[in-house]
Every structure is written in structure tokens, then in C-alpha cells.
Amino acid sequence: MDLENQQRVKDIAESTPAEDIIVVLGGAEAQAAKLMGDTVTTGDPTFAGPLAGVQLGLTAYHAVEPEFKEAVDADVYDDQVGMMEMVLDVDEIAATMKEVRGE
Amino acid sequence: MSKKKVVHYINQFFAGIGGEEKADHEPEVREGVVGPGIGINAALGDDAEIVATVICGDTYFNEHMEDAEAAVLEMIEKYDPDLFIAGPAFNAGRYGVAAGAVTKAVGEKLGIPAVTAMYVENPGADMFKADAYIVNTGDSAATMGEAIPALTSLALKLLKGEEIGTPDEDNYMARGVRVNYFADDRGSKRAVDMLVKKLKGEEYETEYPMPAFDRVDPNPPVEDMTKAKIALVTSGGIVPKGNPDRIESSSASKYGKYDISGFDKLSEADHETAHGGHDPVYANEDPNRVLPVDVLRDLEKEGAIGELHQYFYSTVGNGTAVASAKKYAEEFAKELVEAGVDAVITTST
Amino acid sequence: MCTIVPISLTVGANRIVPTIAIPHPLGNPNLDPVEEKALRRKLVEKALEALSTDVDGQEVFEAV
């Protein structure tokens, strides 16, 4: 996750309780999703940004996961994510995100 | 028994100081861990701990190698460490050169076990693998998760004075050291076994890989420069403004061929740099600082050279695979020869 | 023409002219434009000299 976004997440996490935060990710591949997901849970795995060694323990979902899809307006989802849902490896991403959440 | 002491070296980026704009950061030392040191420290476990982290800007180190190395060594020595670790530098060229140089110096001048890690194509790898233990890593920080255990594994072996295995066993770059050992079978049998496998089309492993020399003989000098056609080629990523061919700022997948026949010099209005490996400000302000069209035009007008070739070839050298660079050059070298070019000036950043 | 000469030597370049700095190999933004261009010219002339010189293997041609 780029450094600016890491700082934004860090700032939000400092002023809001972790259980009130959900991070929704949009990476195109499972590997990218894992890096970003790990960054907001156990810390930046590349140790390059403000979240290096910082364990925020936030909950993260990817936009193509069913939990997110079912929680939002179906038409808006179709409009914004529908296209990507068709080309991304949804199963692999969902499986990776479960790992990130320690499920 | 107290933990062994480790000093860690990283660049300005992993220290969280900044990116390219801070690559001129002078050497400094901080107590404890910084950046990747957090992960390395955890992996070192009870055996050792990082007591200090030395940080230096990549550009500063490479442009002041002697002074920077001396300053860094002095900082390291003060902690009287039992082990030194640099990086991992992945494919960041200047970082790899710095990490390699410091690791070599620590080993030779301070006599302390020292190890670093980077990607095989990092220029620092070829430069220092014979003089320092360099663990293999992937080509980007995305592989930090695998790099840290690999690096600390070899580091701990060195710290404990354990026997270091072959490059394959301990995942470091071959240093060109030959070690004698007694094989079970004698040489003639091993050779015949290998030949039989080869004849059967089975896989076999050579006992002595042929080194990749990749050296070329210099071409004979240009005889009469006043009649010569000179071409410019750059890996500094100079492209027409807007980068119409979208040459990537790193790991370029292509090169561009651009017409300079209407230009007496390049300028901020018509050209820019696509290179993502250093602060682009100076090259964007005045592209002649990377592709010296202005000076060559003057020399052409004065008759010092016969002609400046109307096309220049450009790609971005940052993280670009050696095989790719070779491929591009083979292609456009043919065009240069066909165009009657006598000599080429290549510039790099 | 390059700033980190050890890299050029390692990759096997035959004729090498050391330059000023990574972000501005053929320039120096601290100089005024006239001086800077003169510096650039000096470096390029050294490159032309290198191209006109017979070399054995690898040779570094220092301009400044």
C-alpha cells in the first residue's frame, strides 16, 4: 500500500476505535490484496511505510468478496464493480482475504 | 548470556525519511531498529538483536563512495557488533551498490561477519558477490516476507561460525570460490554418468557452469571525427513531452526512437524524462543534461563532427532486465548501422 | 557516459566517460547556464576523444 494511504489509515485508526473501521480494498490480484490487507492488520510487510511494524488489527475486505457485495446496493455494485468482478480471480482473492483476516 | 549485537544498514526510503527527493541524505545512525529491521530483529529471535541502524541516502552513497563508506564504518564500529546486516535491497540499483560496498568493507576492515541481500540483477550483485555474502531475493519489496527469513538464516549461521553450505543450499550468490571435496564416485564415472543422461535426454547438472563473460572487444577508433555520423542513445528515459509511447518509469518493456532533426537543443517545453529511479527535476528542467543535443548541434555546426544522427533511441534503465536491454540494443543497433552511423554516445543516469 | 563508473566497468563498457551526478549526468544545476553548457561541452568532447582513441578492453576517460 502506498505511503500516503498508509498514513491516512494510520491517522484514522488513531482517532477511531478499530471495531468501528472496515477497510475495503480494490487490488487487481490476490497478491496485491494480501500485501494491502496485511498492511492494515499486522503491519506493512515491505517495511517501507508508516505502518511498518504497526499492528492496527483492522478488518479488511476486498470489494469482490460476497460479504461486501451483499452489504451494498446491487445496482450501484453492478455499475461500479460488475465489470471487474468478471475479470478478477474472485475465488483466489476471497481465499487470500480470509487468510488475512485469520479465518 | 546476553544477546549478540547486530548493526543494520538501510537506505533513506526504508528508513521512512523519504523517496528520491531524500536520496542525498547523509549517513546517520539511530539506536535500535528502523523499518525492515523490525522484521529482521523478530527473525533473529533470542540469538541476537539489532542495537543500531545506520541509514544513508542512495544517491549520497554512490556519489561519495569513499567518504560515505568511511563515515558508515565509523558508525558501525562504535557499537562493536558481532554481526552486520545490510538491506535487503531487492532490485534498487544504488541501494544494492551501497549495501554491497558496506558489507564488503565491514567484512574486510572490521573483520565482522557480514551479509546482505538483493535481486540477482541488481548491479550491486555482480560488483560484490565475490567479496560479500549476498542472499538472493525477489525483485521487489513485495517479497520482503521471504527475504527476511532467508537473510537472517544465513546471518545467524555466520554469527555462530557454523559451516556455510553451497550457494544453492544456503541461498546466496555464488562467489566463485572453489572448495575441494571427496566425491563418492571418481571423475571418470561421474563424467560418463552425465553423458549417458545427456544422451538419453534426461536432466543432468553440470559440475562446472561456464561463466557468462559477456565481454565485447572494443571497436577500432573513429578515424576522422569531422566526417563522422554520431548518434545518441540513452537509458536516462528522455522522451518527447507527454511520453507518447508510455515508456515505463521502471522495468521498461520498450524503447523509443525519436526524431531530433528540428531541434537545436532539447527543452522543458518539448521533452521530459520518464525515468523513475532518481529525482527527475533536473532532467525535466533541461533534458540536455541527460541527452546533450545542444552541445552536439554546436559541434556539428562547427564541423567538429560530421553529423548528428536525426534519431535518438531511449529507454528507462531503472530496474529494466538485462535481457530486455540486450534485446532492445540488438534491434536498434541494426538500424544505426543501416543509417551509416559511425559512433554512438550512450548516456545513463 | 555515466556517473557510477564501477557499474559501467562491471557490465563491460569499453569506453567510459565519468559524468557529474545521477540526476544530471551532463549538467550541474548549481552553475549558471553558460558555465553549465561549457561543462557539458567538455564532457561530450571527452566522449568524442574516447571514440577516436584505440582502447584495449576497457578504458576510463576522465574529463573533469
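Let's start in chain B, where helix 1 and helix 6 pack at an angle of about 50 degrees with their axes 9 Å apart. Helices here are DSSP runs of H or I with at least four residues, strands are runs of E with at least two, and both are numbered from the N terminus. Axes are lines fitted to C-alpha atoms, for helices over the stretch in contact, and angles run from 0 to 180 degrees between N-to-C directions. Helix 1 and helix 6 of chain B are therefore oblique to each other; angles under 35 degrees count as roughly parallel, over 145 as roughly antiparallel, 65 to 115 as roughly perpendicular and the rest as oblique. Their crossing is right-handed, a term used when the near helix is turned clockwise from the far one by less than a right angle, with anticlockwise giving left-handed.

A word on what you are looking at: this is a predicted model, in which local features need pLDDT of at least 70 and side-chain atom pairs count only at pLDDT 80 or more, while totals for chains, interfaces and linings use all residues. Residues are numbered from 1 along each chain as its sequence is written, and chains are lettered from A and ligands numbered from 1 in the order in which they are written.

Helix 1 of chain B brings B:Gly39, B:Ile40, B:Ala43 and B:Leu44 to the contact, and helix 6 of chain B brings B:Met144, B:Ile148, B:Pro149, B:Leu151, B:Thr152 and B:Leu156. Two residues are in contact if their C-beta atoms, placed from the backbone, lie within 7 Å. By class, this contact has eight nonpolar, two polar and no charged residues; Ala, Val, Leu, Ile, Met, Phe, Trp, Tyr, Cys and Pro count as nonpolar, Asp, Glu, Lys and Arg as charged, and the others, Gly among them, as polar.

Now find the sheet of chain B. Six strands form an open, mixed sheet in the order 2-3-1-4-5-6, where two strands pair if DSSP finds at least two bridges between them. Its edges are strand 2 (28–31) and strand 6 (133–136), each pairing on one side only. Within the sheet, strand 4 (residues 83–86) and strand 5 (residues 114–118) of chain B are parallel partners over three bridges, and B:Ala86 has B:Thr116 of strand 5 as its bridge partner.

Helix 3 of chain B packs on this sheet, touching strands 1, 2, 3 and 4 of chain B. Helix 4 of chain B packs on the sheet too, and its direction makes about 165 degrees with that of strand 5 of chain B. The axes of helix 3 (residues 65–78) and helix 4 (residues 93–110) of chain B come within 10 Å and cross at roughly 60 degrees, which makes helix 3 oblique to helix 4.

Finally, look at the neighbouring chains. On one side, 11 residues of chain B are in contact with eight residues of chain A, and helix 1 (37–44) and helix 6 (144–160) of chain B each give two or more residues to that side. On the side facing chain C, 34 residues of chain B are in contact with 29 residues of chain C. Strand 12 of chain B gives the most to that side, with four residues. Chains A and C do not touch, and their nearest C-alpha atoms are 23 Å apart.
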